[in-house]
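Please look at the sequence and the model together, and follow the helix packing and the charged pairs described below.

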Amino acid sequence: MRLKDKVAVVTGAATGIGQAIAIRFAQEGAAVVVDYIGAPDAPRETEQRIASSGGRAIAIAADVSKPAEVQALIDGAMKAFGRLDIVINNAGIEKKASFVDYSLDEARRILEVNLLGPFIVSQAAAKQMIKQGQGGRIINISSVHEDLPMPLNAPYCMSKGGLRMLMRTVAVELAKDQITVNNIGPGATYTPIDADIQAQPELEKALMSAIPLNRWGKPEEIAALATYLASDEAAYVTGSTFFIDGGMLRQASSS
Ligand code: BGC
C-alpha cells in the first residue's frame, strides 16, 4: 500500500480519470474524498467500487469554481478524516467550437472550472497542509494541450496552458513547505469527455492515427502515474508535467 494513512481529495471523481484515481488511491490505503457536481447519485458508482474493495471514501458536492463550496469540501475532508495530504485537481470541461464563433460566457466557464478551480482548490488545500506542517502533494490533471494546440478548443487549450504556469509557479512557492506540485498531461484517454469522438468511427480513427501507440489511454494508466506522484517515493519531484499520451506529442512535433 503506497498511500497508507494519507487523505486525498479528488475533484471531479464521479467519472473518468478522477474516478479511476479515487478508486486506485483507496486501494493504496488512502481515505478519499470524492468531489462531484450534479445529482446526488453521481458519485455512487465511485463510492460503491471503493467500498466493495474495503476502502474508505466519502462524497462531497462542490463546484471547484466556487470558493465557499471548495472551503466546505476541505472542511468536510478534515471533519471526516482529520487531515489532508493529497489534492488531485481533476475536474475539467471542454466544448469544441470554432474560435471566431466561441461564446465568451462558455469560454469564461471553461477557464473558471479548468484553471481558476485548481487555483481555488490548491490555495485552500495548501493553507491546511502548511498548518499541518508535514508537506503535501498537489497534482493537476492537465493535458497534452497544455503544450499542443488543438483547433476548435481554444478556451480548453488556454486553460491547460495556464495550468502549466500555475503549477510551475506554485511548485516553487510551496517547496519550502515540502508541498510538491506537478501536472499529469494525458493524451486521448477513454472517458466521457470524448464521448462525441467515441460515437463517430471516422473521428476516432483520425485521433488514433495521431497516436504512435494507436489506442486510447486507460483511466487506470493515468491513476498509476498519479499514485507514484502522490506517494512518499516522489518527494523530490516537483514543478514538472508528466505526459502520458501514447507518444502523441512526439509524433506531433515530428510532423
Ligand atoms: C482532450 C480530448 C482530446 C485529447 C487528445 C484531451 O485533453 O480532453 O478531447 O481527445 O486531449 O487530443
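**Helix packing and salt bridges**

Helix α1 (residues 16-27) and helix α8 (residues 219-230) pack at an angle of about 55°, with their axes 8 Å apart. The two are therefore oblique to each other, and their crossing is right-handed. The contact (heavy atoms within 4.5 Å) involves, among others, Ile 17, Ala 20 and Phe 25 of α1 and Ile 222, Ala 223 and Thr 227 of α8. Its residues divide into 10 nonpolar, 2 polar and 2 charged.

This is a predicted model, in which local features need pLDDT of at least 70 and side-chain atom pairs count only at pLDDT 80 or more, whereas totals for chains, interfaces and linings use all residues. Residues are numbered from 1 along each chain as its sequence is written, and side-chain values use heavy atoms, with hydrogens and water left out.

A search of the whole structure finds 17 salt bridges, each defined as a side-chain nitrogen of Lys or Arg within 4 Å of a carboxyl oxygen of Asp or Glu. One of them joins the side chains of Arg 109 and Asp 63 at 3.0 Å, N to O. Arg 109 lies in helix α4 and Asp 63 in the loop between β3 (56-61) and α3 (67-81), so the pair ties together parts that are 46 residues apart in sequence. Asp 63 counts as buried at 8% relative accessibility, whereas Arg 109 is partly exposed at 29% (buried means under 20% relative accessible area, exposed over 50%, partly exposed in between, with a 1.4 Å probe and protein chains only).

Key: Axes are lines fitted to C-alpha atoms, for helices over the stretch in contact, and angles run from 0 to 180 degrees between N-to-C directions. Helices (H or I, at least four residues) and strands (E, at least two) are DSSP runs, numbered from the N terminus. Angles under 35 degrees count as roughly parallel, over 145 as roughly antiparallel, 65 to 115 as roughly perpendicular and the rest as oblique. A crossing is left-handed if the near helix is turned anticlockwise from the far one by less than a right angle, and right-handed if clockwise. Ala, Val, Leu, Ile, Met, Phe, Trp, Tyr, Cys and Pro count as nonpolar, Asp, Glu, Lys and Arg as charged, and the others, Gly among them, as polar.
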